[in-house]
Amino acid sequence: MNTIFSEADHAVMARALELARRGLYTTDPNPRVGCVLVRDGQVVGEGWHERAGGPHAEAAALNVAGERARGATAYVTLEPCSHFGRTPPCADALIAAGVARVVYAQEDPNPEVSGRGAARLRAHGMQVESGLMAEEAAKLNPGYFKRRREGVPWVRVKLAASIDGRTALADGESRWITSKAARTDAQYGRARSSAILTGIGTILADDPALNVRIPESNRQPLRVVLDSRLRTPSDSRVINREGGVLVIGVHDDAARRQSLERQGVEVAILPARDGRPDPVEVLKLLGSRGANELWLEAGATLAGAFIAAGLFDELVVYLAPTLLGPEARALAGVPPLANLEQRLRLRFSEVRQVGDDLCLTLTRD
């Protein structure tokens, strides 16, 4: 039987989700989680998980509530953990504090937690209910849920183009098609990601830093370069920035590998597909490293390879109100179609105006 939650339950869980969003750019690789403690209709404690290795949301809220947590209801956006990681189990903390009822939005897909946290609470006589605003909670951590269930990250392919779908002039000139506001907005996509992926063509042509430059983030995602022959220059901006760099190739070259490794770069060799690292194996590797969300920011060839293979969850397309003409470079290098039935069907999940540009977020239909 499904639990019927009250208006008050919904209001408090909505607040817990609001708190969880504060960790959008800081908690990786952990999920974003919020917690609110209510006793006798009054909020007595609030908290959210701020960063990996720091207190979990429940511990933060309990610290605020103190003795007022006894007999309270805890609203948590994710099932309380029941195992020792970097911090003690949250289920034990709730039990010790004398919390009477726990309402959580989503079961934790982590096999060390899944169902065990709730069972532990019930074993100590606590009333436990789940499923409140579950869909909203899942949207907050799409990569965490996907990685735990499928072993690969949630993939966002970022593209920037003119209104006629062109990303650069025929000679490769592309700075800048979209506005400064759009480029700043894309920084937030990078910041929430575990890793940023590009190809060697982009590195050699544009020498991007691919780092995060917004004050809301206190971390740098892993920067990943698909580079079949390990040609990434040792003085590349992507290397000479704070944060880790992973170069993935298919042909091991001892001298080039050692040169990169002397710069602090990690090198991995994976099976090839069409002469490049197999995208499926790339995603598996990143998933095994705990990457929840992947931001793919690359040229038409690499972006097209992931799109054509169906290895994406969202397309994030920034469209500038300008025309570049038919000779300019295409948005994504997908194979030609024999008929319209073969076309990739997408749907808009969000449309925003960013400065003078539009930001379109699309998912597969």
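## Cysteines

The sulfur of Cys35 lies 8.5 Å from the closest cysteine sulfur, that of Cys90, which is too far for a bond, a disulfide being a pair of cysteine sulfur atoms within 2.5 Å. Cys81 is likewise in no disulfide, with the sulfur of Cys90 as its nearest cysteine sulfur at 3.6 Å, and the structure holds zero disulfides.

Cys35 counts as buried at 0% relative accessibility, and Cys81 counts as buried at 7%, where buried means under 20% relative accessible area, exposed over 50% and partly exposed in between (1.4 Å probe, protein chains only).

## Basis of the model

This is a predicted model, in which local features need pLDDT of at least 70 and side-chain atom pairs count only at pLDDT 80 or more, while totals for chains, interfaces and linings use all residues. Residues are numbered from 1 along each chain as its sequence is written, and side-chain values use heavy atoms, with hydrogens and water left out.

## A positive surface patch

Arg175, Arg213, Arg237 and Arg241 form a positive surface patch, a term that requires residues with over 30% relative accessible area and no salt bridge, like charges being joined within 9 Å; a salt bridge is a side-chain nitrogen of Lys or Arg within 4 Å of a carboxyl oxygen of Asp or Glu. Arg175 sits in the loop between strand S7 (166-168) and helix H7 (180-191), and is partly exposed, with a relative accessible area of 47%.

## Glu341

Glu341 belongs to the loop between strand S16 (329-330) and strand S17 (346-354), and is exposed at a relative accessible area of 61%. From C-alpha to C-alpha, Glu341 and Gly244 are 43 Å apart in space, and in sequence they are 97 residues apart.

Note on methods
Patch = residues over 30% accessible without salt bridge, like charges linked within 9 Å, V, L, I, M, F, W, Y side chains within 5 Å. Areas by Shrake-Rupley, 256 points an atom, 1.4 Å probe, with all protein chains shown as cover. Lys, Arg positive; Asp, Glu negative; His and termini not counted. Charge placed at Lys NZ, Arg CZ, Asp CG, Glu CD. Helix = DSSP H or I, 4+ residues; strand = E, 2+ residues; numbered from the N terminus.
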